[in-house]
Amino acid sequence: MTTASSADHPTRRDFLFVATGAAAAVGGAAALWPFISQMNPDASTIAAGAPIEVDLSPVAEGQDIKVFWRGKPIYISHRTKKQIDEARAVNVASLPDPQSDEARVKSGHEQWLVVIGICTHLGCIPIAHEGNYDGFFCPCHGSQYDSSGRIRQGPAPANLPVPPYQFVSDTKIQIG
Ligand code: FES
């Protein structure tokens with residue numbers, strides 16, 4: 001009887017000990033998470049306009065990617081030499097919204113075009129690599145933008161805007 005009783009008690013104590021240890025571990029992890037979380041901008045800060053960094057190294061020549069900044073779609077195009085040559089061969093004065101390709105990209109990084117992907121007509125999202133100018137095509141009313149994001153045909157009145165951005169390394173940009 002005595003033997004059975006003393007054998008029971010250590011079992012309960014062991015259980016309490018393990019349960020207390022587990023609670024402490026969970027509490028520790030919960031305390032650590034907010035600390036780590038505070039080191040990054042939260043979703044509302046990013047939505048309010050915090051800069052974002054984009055790694056360009058996975059984007060092959062001829063490819064486009066779309067990211068979001070301030071809730072807006074941003075197209076990043078890794079242009080081919082043909083696309084750059086086409087954009088630079090245009091008579092700028094003949095364009096509806098005259099702007100040189102050189103003014104729309106960063107010197108030394110001419111292969112990268114970064115534009116806000118919102119049609120300047122009524123705000124649809126154009127499709128990359130579509131249309132007659134090797135650039136963007138808006139399916140809503142047929143506006144066509146070239147490989148520099150400049151309006152070439154259709155009802156849109158202006159070029160796709162270039163957001164504020166800078167190269168922080170050869171393969172990384174910061175938008176905003
Ligand atoms: S919204 Fe793009 S052409 Fe009308």
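**Cysteines, sheet and rings**

Me: Is Cys-140 buried, partly exposed or exposed?

Reply: The model is a predicted one, and the values here are computed from it. Buried means under 20% relative accessible area and exposed means over 50%. Cys-140 has a relative accessible area of 37%, so the class that applies to Cys-140 is partly exposed.

Me: Which cysteine does a disulfide join to Cys-124?

Reply: A search of the whole structure finds one disulfide. The pair links distant parts of the chain, with one cysteine in the loop between β4 (112-116) and β5 (127-130) and the other in the loop between β6 (135-137) and β7 (144-145), 16 residues apart. The S to S distance is 1.9 Å, and the partner of Cys-124 is Cys-140.

Me: What is the handedness of the link of Cys-124 and Cys-140?

Reply: A disulfide is a covalent bond between the sulfur atoms of two cysteines. For the link of Cys-124 and Cys-140, the angle about the S-S bond is -95°, and the link is left-handed.

Me: Are Cys-119 and Cys-138 buried or exposed?

Reply: The cut-off to apply is that buried means under 20% relative accessible area. Cys-119 comes to 5% and therefore counts as buried. Cys-138 comes to 2% relative accessibility, so Cys-138 also counts as buried.

Me: In the open sheet of three strands, which strands stand at the edges?

Reply: The three strands form an open sheet in the order β1-β10-β9, and the pairing is antiparallel. Because β1 (52-55) and β9 each have a single partner strand, one side of each is left without a neighbour in the sheet, and the strands at the edges are β1 and β9.

Me: How many residues lie between β9 and β10 in their hairpin?

Reply: Strand β9 covers residues 165-169 and strand β10 covers residues 172-175, and they pair in the antiparallel sense over four bridges. Within this pairing, Gln-166 stands opposite Gln-174 in β10. The hairpin that β9 and β10 form has between them two residues.

Me: Which residue in β10 stands opposite Asp-55?

Reply: Strands β1 and β10 pair in the antiparallel sense over four bridges. In β10, the residue that stands opposite Asp-55 is Lys-172.

Me: Is Ser-77 buried or exposed, and which residues does it touch?

Reply: Ser-77 is found in strand β3 (residues 72-78). With a relative accessibility of 6%, Ser-77 counts as buried. Not counting residues up to four places away in sequence, Ser-77 touches Gln-63, Asp-64, Gln-111, Trp-112, Leu-113 and Phe-136.

Me: What kind of aromatic pair do Tyr-75 and Phe-136 form?

Reply: The count of aromatic pairs comes to two. In the pair of Tyr-75 and Phe-136, the rings lie 5.2 Å apart centre to centre, with 40° between the planes. The pair links distant parts of the chain, with Tyr-75 in strand β3 and Phe-136 in strand β6, 61 residues apart. Both residues are buried, and the pair they form is tilted.

Me: At what distance from the ring centre of Tyr-165 does Lys-106 lie?

Reply: Lys-106 lies over the face of Tyr-165. The distance from Lys-106 to the ring centre is 4.6 Å.

Me: How many helices and strands does the protein chain have?

Reply: From the N terminus on, the elements run α-α-β-β-β-α-β-β-β-β-β-β-β. The secondary structure of the protein chain comes to three helices and ten strands.

How values were computed: Residues numbered from 1 in each chain as written. Predicted model: local features only at pLDDT ≥ 70, side-chain atom pairs only at ≥ 80, totals over all residues. Heavy atoms only, no water. Pairing = 2+ DSSP bridges. Buried < 20%, exposed > 50% of the residue type's maximum accessible area, 1.4 Å probe, protein only. Contact = heavy atoms within 4.5 Å. Disulfide = S-S within 2.5 Å. Phe/Tyr/Trp six-rings, centres within 6.5 Å; stacked < 30°, edge-to-face > 60°. Lys NZ or Arg CZ within 6 Å of the ring centre and 35° of its normal.
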